[in-house]
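Let's walk through this structure together, one neighbourhood at a time.

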Amino acid sequence: MEALMEEDMERLRARRRAGQHQMQIAAQQHAVQQQQLAMQQQMQASQGGMPHLYSGQVAPQALSHLAQQQGVASRHAVGATPTALYNRGPASGPNGHAPLPPNPQGAMYSTGSQGSQPFIYNGHGSSGGHSYPYSPSSAEMTDYAEDWKKILGAGSGSGVREVLPLKSLYYEWSTEYYSEPQMRQAEADEPGSVAYNKQSWREQRNERLLVDTEKQSHAASFCQWDRSVATMNTTNPVATLLFHSFETHVVTADLETMISVWDWAKKKRIACFDNGNPSGTCITSLHFINEDSQAMILAGSAEGMVRIYRNYDPSISSDDHPLELVSAFRVLSQVVKSKRGSGLVTDWEQPMGYLFAGGDSRIVQVWDAHKETAIGEYAAEGSSCVTSIQSDHESGRRFVAGFGDGTIRVYDRRAQTTSCVVRTYQKHRSWVQSVRWQRGGNAELLSASVDGEVCLWDIRATSGVVMDWRPHSNGLSNMAVHDHASVFATTSAINSTNWKAQTLTVQSLPPTNPPMTTRLSLPTGLHHAPTHRGSNSYFPSSTSLAFHPNEMVVGVGCADGTIKVVGCNLKEREKEGLAYELPLPPTFGDPVPSVKSTMS
């Protein structure tokens, strides 16, 4: 806007200078005409002849004086074109005299050898010096008028009257600018807009959070995880639980169709909605999409459908932007029904936008969520359902799947053969509840089965198990692995012999020395032992467990609907004054080496 106004002002100043120059030309022309008229009157008084506009001696001198003042050569010599007016240098009319300008009536007056006798000059010369009458054509009149427009009006009008007052193009600019609607939302990538400022703030906040949690992750494997952070209550069992990476949000799903969003920092529920999956099915997987921006929720249900929601946060959504179902599509085309199935199990790969889907099917499919098209299909190579699946988020080329018969298979998507399975492990003897890659590891993964066995695998070795644990002798309900800290967590199974309390165990991974183990007893809130899993046959238990992707906290969804958030006790480590390796955050310039430090 300011650039356009400055351009208009520059045009106004240029036209003002042109107008002043034209007024000077007009004043000089008027003075010349007055001088010519006075000289004609003197000659009339001395000779008694007839008055005429120019004489053979006076007119050339007057026009030469005008041409010298303006630096413009006169024109309209014999055979000259109208554009000769702007050619510098001498020009001549009939009999060697200077050419004459047109009078207001369009005729050309000049003098010949007859001295004071006037004649009409046609602009094409005369024969033998004799004058003859001539009427100019309309084309010549137009040429003469255009020439004088350029002199008096700088090409913008027929004279000074067309130049003053000065004209502006601001009205034309405004007409064009306001012809489009102006009351529209600013683009997200336009600096200064509300959306741009919010996104910039999110990016800065996320960077600070990642730097802070990177420091804490090195201490977490040495600390006790017994700090109570939050407790929230709902009426239904929490079958699935998931933390947001940057917001203080945790999303949960019950054993049927309801999805709830909680703010664990404020300890309250902020949203609740129905997923709409058919009766007899439940929500078996949850993911956050685009967590570094305005996140969306992806919910997978047992009939093989995924649904994506946005505007779930009431602080962002409004009456104009309510909760919205963005997309829904079927990721498992063929679902094999069984008495004990896993429904739909998925894994979301944010960098590529890929969704890995398996479950009660003979195949594992990879989907491009942006295009909603399948880009890969891999045979499960087993009679049991897929119970857990995860992609290698660091390389994006491999994924691992656990099965209901205890088998674990590692797939390489780069393989060109009919089978992409590169490793098969069969140490577990029961349902594989969870299988997870160890982030930051070379090629290690952890698996847990419902009989209470947890195994650490190195896929580079054909022998398989590196280390195993049995944290719960009466069975295992859930297992989770932290994305940055070298710890994993498990919860005990709830059965007819152990139902009043559930044990939460947090165990450090090698090479932590000495190994750390935290055990917490969490009341289940049940009044009697569970007899049946009810109408839901897709979960071995009605509880859930998940680590926060960045923060040093873990959430447990209990059978009575209670959500407990437990954190790492870093301040205890600080009080003891124990040191540990802390890599400083990267700075501009040379990288800073790791130093010995304590928590501050």
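Leaving aside its neighbours within four places in sequence, which residues is Q365 in contact with? They are V331, L332, S333, L355, F356, A357, A374, G376 and E377, where contact means heavy atoms within 4.5 Å. Before going on, note that this is a predicted model, in which local features need pLDDT of at least 70 and side-chain atom pairs count only at pLDDT 80 or more, while totals for chains, interfaces and linings use all residues. Residues are numbered from 1 along each chain as its sequence is written, and side-chain values use heavy atoms, with hydrogens and water left out.

Q365 belongs to strand β14 (residues 363–368); strands are DSSP runs of E with at least two residues, numbered from the N terminus. Its relative accessibility is 6%, so Q365 counts as buried (under 20% relative accessible area, with exposed over 50% and partly exposed in between, using a 1.4 Å probe and protein chains only). The side chains of Q365 and E377 are joined by a polar contact of 3.2 Å (a pair of N or O atoms within 3.5 Å; within protein, one must be able to donate a hydrogen and the other to accept it, and residues adjacent in sequence count only if both atoms are side-chain atoms).

Now follow the chain to strand β24 (residues 476–481), where six of six residues are buried. A hairpin of five residues joins β24 to β25, and β24 pairs with β25 (residues 487–492) in the antiparallel sense over five bridges (pairing needs at least two DSSP bridges between the strands). Within β25, T490 is the bridge partner of M479.

Definitions and conventions: Helix = DSSP H or I, 4+ residues; strand = E, 2+ residues; numbered from the N terminus.
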